[in-house]
Amino acid sequence: MIFADYDIIKEAFGKKELSNRLYSEKIQVDNDRFLKDWGIIDTAESILGKDDRLVKNGVGISEGIGDGYYDATHRRLRVHWHDTIKRLVGRNKISEIIQHSSAQVNAILKAEGSVPQGIDPREVFVNGTMNVVTGFSLGILYDFDDPDFQDLSRYVSVFFENMREMYVWKLLVDNLPVWMTQSKLLTPLHNLNPMKKFVPDWCQYIFRQIKIHRQKLDPANPNDFLDILLIAAEGDSELGYFTIASTIIALYLGASDTLTNTMRWMSLTLADHPEVQEKIFEEINRSIEKDGEIIREKCPYTRSVCLENMRWHPVVDTLPHRATADVTVAGVNIPNGTIMQAALTAVMYDPKNFPNPEKFIADRFVVDGEFVNDVKVCGFSLGLRNCIGKQLAIEQYFTYTANIVRDFKIIRTSGNMEIANHTAILMPAEINRVRFEKRRPN
Ligand code: HEM
């Protein structure tokens with residue numbers, strides 16, 4: 001079932017019975033099997049040691065923050081996430097992480113982006129975004145050529161290359177009898193599960209990070225999301241080592257291609273609207289002159305351009321949700337087990353919500369010189385299972401945009417907003433290239 005109307009999505013996804021992912025006991029059984037078969041349990045025990053609190057907790061609730069039921073454990077994970085945001089915002093840490101990664105991105109654009117044929121900035125934005133996640137969740141800011149960072153980058157790519165196959169696998173496991181999917185005779189088939197290509201190695205990396213965090217953990221002064229989770233796991237046996245690993249993995253997967261493609265569309269949109277670039281440039285310079293730095297609240301036009309770009313090129317619709325009870329929405333019965341998605345794009349292209357929706361209108365969200373948010377630009381989804389990374393993403397997206405326009409003129413060198421052929425993400429085709437021309441000589 002697909003929802004395509006704002007009020008209906010809000011009503012549906014506000015209900016806990018409709019806020020579960022495509023998950024079931026059969027999928028849980030399959031997860032438990034691969035954790036054993038692929039050596040993930042052994043790896044955790046050998047890296048962390050048998051006496052580690054997490055090893056005592058065991059695997060835990062295996063689905064992590066981005067998957068599974070909307071249950072008490074999921075809600076607790078969200079609380080820990082928001083607690084981390086509050087603490088790090090309080091210490092100015094989030095802005096620090098984002099500014100650091102934005103400076104890394106600009107340095108690469110300076111070095112590589114001014115070539116006459118232009119570039120597709122995909123890789124630069126993926127790396128920048130992944131480093132924000134790494135800074136926030138693990139307290140590390142990598143150089144992009146660090147071997148550990150390169151490994152993380154590879155895991156994310158492998159995930160997106162195999163996304164369709166992973167959903168097919170899930171549906172198979174969910175629809176066949178357990179004796180059939182779990183039979184030892186089918187071990188060679190189990191190894192075809194695309195998750196085998198990246199989950200064991202990624203878990204190993206996270207277990208090593210857990211070990212390092214353990215050694216310097218100050219319970220009174222947690223430094224990042226992993227610290228907060230380790231502290232919480234002391235009194236919560238459902239937070240096992242795989243709960244933590246899959247939660248951190250979900251952050252990379254949730255953040256990387258969404259923000260990257262939002263930034264790619266932004267680069268292309270700005271390239272086709274040089275007058276918009278100049279207005280952003282003037283606005284952020286006024287803020288710098290007055291406040292010594294770019295203050296988001298004082299840049300209504302730039303914020304409007306950011307929101308309009310998200311509306312004009314929404315990169316994703318929602319992930320699948322599944323009903324765990326019969327529920328009525330807008331007078332229609334949704335039977336237990338129904339799989340649903342919300343077409344966020346439909347909301348953002350509905351002329352009832354946005355006049356001339358097919359047009360890019362840079363100042364659509366500026367009224368009397370002030371930025372006015374519109375909740376119907378709902379790219380982060382609505383309700384109980386909406387995007388947890390929203391706050392982080394908005395700050396990063398604004399900072400990247402403002403700092404790029406401060407340092408570069410963006411010029412189109414090829415393509416015409418062509419959309420790539422992809423099952424889940426609205427991304428520009430690689431042919432769409434832009435040049436980042438330095439505004440000042442070094
Ligand atoms: C422009 C950037 C982003 C967009 C457009 C976006 C959009 C979305 C959407 C549409 C969903 C699905 C919600 C649903 O099914 O109802 C989602 C879920 C999620 N997002 Fe984002 N996201 C972005 C950035 C981020 C970032 C930066 C992070 C993490 C740092 C993140 C982490 C997640 C996670 C973990 C989920 C799963 C939440 C759950 O299942 O409860 N996202 N996001």
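1. The buried residues are Thr-302, Arg-303, Ser-304, Val-305, Cys-306, Leu-307, Glu-308, Asn-309, Met-310, Arg-311 and Trp-312. The cover over them includes H14, helix H15 (274-291), helix H17 (344-348), strand E6 (366-367), strand E7 (370-371) and H18. Helices (H or I, at least four residues) and strands (E, at least two) are DSSP runs, numbered from the N terminus.

2. The model is predicted: local features need pLDDT of at least 70, side-chain atom pairs count only at pLDDT 80 or more, and totals for chains, interfaces and linings use all residues. Residues are numbered from 1 along each chain as its sequence is written.

3. H16 covers residues 300-312 and reaches 18 Å from its first C-alpha to its last, close to the 18 Å expected at 1.5 Å a residue (expected span: 1.5 Å times one less than the number of residues). Helix H7 (residues 122-138) has 17 residues and reaches 23 Å, close to an expected 24 Å. H7 is largely enclosed by the rest of the structure, because 15 of its 17 residues are buried. Gly-139 follows H7 and has a positive phi, near 70°.

4. The shell around the ligand holds 25 residues, and the closest are Gly-254, Thr-258, Ser-381, Cys-387 and Gly-389 (a residue is near a molecule or strand if its C-beta atom, placed from the backbone, lies within 6 Å of it). Helix H14 (241-272) and helix H18 (390-407) are the elements that give two or more residues to this shell. H14 gives the most, with seven residues. By type, the shell divides into 15 nonpolar, nine polar and one charged. Here Ala, Val, Leu, Ile, Met, Phe, Trp, Tyr, Cys and Pro count as nonpolar, Asp, Glu, Lys and Arg as charged, and the others, Gly among them, as polar.

5. The largest nonpolar core has 91 residues, of which Ile-9, Phe-136, Tyr-241, Ile-244, Ala-245 and Tyr-252 touch the most other members (core: a set of buried Ala, Val, Leu, Ile, Met, Phe, Trp, Tyr and Cys residues joined through C-beta atoms within 7 Å). H14 supplies the largest share of this core, 16 residues. Not counting residues up to four places away in sequence, Tyr-241 touches Ala-44, Leu-48, Leu-54, Val-55, Val-59, Gly-60 and Phe-207 (contact: C-beta atoms, placed from the backbone, within 7 Å).

6. Leu-35 lies in helix H2 (residues 25-37). Leu-35 counts as buried because 23 other C-beta atoms lie within 10 Å. Leaving aside neighbours within four places in sequence, Leu-35 is in contact with Ile-40, Ile-41, Val-59 and Phe-242. Val-59 is also among the residues that Tyr-241 touches. Leu-35 and Lys-184 are 149 residues apart in sequence and 15 Å apart in space, C-alpha to C-alpha.

7. Three strands form an open sheet in the order E1-E5-E2, with mixed pairing (strands pair if DSSP finds at least two bridges between them). The edge strands are E1 and E2, each pairing on one side only. E1 (residues 2-3) and E5 (residues 339-342) run parallel and are joined by two bridges; Ile-2 has Gln-341 as its bridge partner in E5. E2 (residues 321-322) pairs with E5 in the antiparallel sense, also over two bridges, and the partner of Arg-322 in E5 is Ile-339.

Terms used:
A residue is buried if 20 or more other C-beta atoms lie within 10 Å of its own, exposed if 12 or fewer, and partly exposed in between; C-beta atoms are placed from the backbone. Two residues are in contact if their C-beta atoms, placed from the backbone, lie within 7 Å.
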